[in-house]
Amino acid sequence: MTYTLFGSARSRAFRVIWMLEELGQSYDHVDAAPQSQDVQKVSALGKIPVLQVGDDVIPDSTAILTFLADKHGAFTAQAGTIARAKQDAITFRILDDIESQLWTAARHSFVLPEEERVPEVKATCKAEFERNVTKLIAEIDGPYLMGEAFTVPDIILTHLANWAISAKFPAPSEAFSQYLARTRARPGFKAARDKQG
């Protein structure tokens, strides 16, 4: 099966590149910006990343990660199990409580038209990000979010940590730094980082 990934390696497409590298799957990468012609040819949404699988396309990085993990039976608990429900709960928590803070800050920094931005909201986003990450990391029992197993939410959280650095968000805790040292030491992360140029 041939995978074609659309999206800049400096965007959420980084997550998909990392997963594909972890899985050892071959893929074509189209380094495309949101709303570019390359992206709109395969997805009317124009958002990145988009994964093309034969004649089908999957938008949204988390949906793509979940599809790849399920299809290849790796980096995820089995669908329909309690372990998977717990994994999904952590994934949704990361998206709701952590990614949302970064995205809100970005929208009020450069995404929204200038007259709609509220710069003061960014301080709250930074404080919430720090609180939510610190609480999540304090709850884990093992090297990764799901214990001994490296899974989909680890990819998402580590990518968000990289985004937070570029957005000048505070480093939440020493425990978080130690967690990131483990996830960033993985060969798949290093291979994905190399794609960023």
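Predicted model: local features only at pLDDT ≥ 70, side-chain atom pairs only at ≥ 80, totals over all residues.
## Aromatic pairs

Eight aromatic pairs are present in the structure. In one of them, Phe14 and Phe189, the ring centres are 5.6 Å apart and the planes stand at 75°, so the pair is edge-to-face; the threshold for that class is an angle over 60 degrees. This pair joins distant parts of the chain, since 175 residues separate Phe14, in helix α1 (residues 13-23), from Phe189, in helix α8 (residues 187-194). Both Phe14 and Phe189 are buried.

The pair formed by Phe176 and Tyr179 has another geometry: the ring centres are 6.1 Å apart and the planes meet at 10°, so the pair is stacked. The class requires planes under 30 degrees apart. Phe176 and Tyr179 both belong to helix α7 (residues 174-184), where three residues, about one turn of the helix, separate them. Phe176 and Tyr179 are both buried.

## The ring cluster and charges over rings

A cluster linked by ring pairs comprises Phe14, Trp18, Phe75, Tyr144, Phe150 and Phe189. One member of this cluster, Phe150, has Arg186 over its face, at 3.9 Å from the ring centre. A further charge over a ring is provided by Arg12, which lies over the face of Trp103 at 5.5 Å from the ring centre.

Arg186 is located in the loop between α7 and α8. Is Arg186 buried or exposed? Its relative accessibility is 16%, so Arg186 counts as buried, the limit being under 20%. Apart from neighbours within four places in sequence, the contacts of Arg186 are Glu22, Phe75, Tyr144 and Phe150. Among these contacts, Phe75, Tyr144 and Phe150 also belong to the ring cluster.

## The two sides of helix α8

Helix α8 has Gly188, Phe189 and Ala192 as its buried residues. These residues span an arc of only 100° around the axis, and therefore they lie on the same side of α8. Pro187 and Asp194 are exposed on the other side of α8.

The elements covering the buried residues of α8 include α1, α6 (152-166) and α7.

## His108 in helix α4

His108 belongs to helix α4 (residues 82-111). With a relative accessible area of 16%, His108 is buried. A polar atom of the His108 side chain lies 2.8 Å from the backbone nitrogen of Val118.

Which residues are in contact with His108, leaving aside its neighbours within four places in sequence? They are Glu116, Arg117, Val118, Pro119, Val121 and Lys122.

## Phe169 in the loop between α6 and α7

Phe169 is placed in the loop between α6 and α7. Its relative accessibility is 9%, so Phe169 counts as buried. Not counting residues up to four places away in sequence, Phe169 touches Gln101, Leu102, Ala105, Cys125, Lys126, Phe129 and Ala164.

The separation between Phe169 and Val53 is 116 residues in sequence and 36 Å in space, taken from C-alpha to C-alpha.

Key: Residues numbered from 1 in each chain as written. Heavy atoms only, no water. Phe/Tyr/Trp six-rings, centres within 6.5 Å; stacked < 30°, edge-to-face > 60°. Helix = DSSP H or I, 4+ residues; strand = E, 2+ residues; numbered from the N terminus. Buried < 20%, exposed > 50% of the residue type's maximum accessible area, 1.4 Å probe, protein only. Lys NZ or Arg CZ within 6 Å of the ring centre and 35° of its normal. Polar contact = N/O pair within 3.5 Å; in protein donor to acceptor, adjacent residues only side chain to side chain. Contact = heavy atoms within 4.5 Å. Arc of directions from axis to C-beta.
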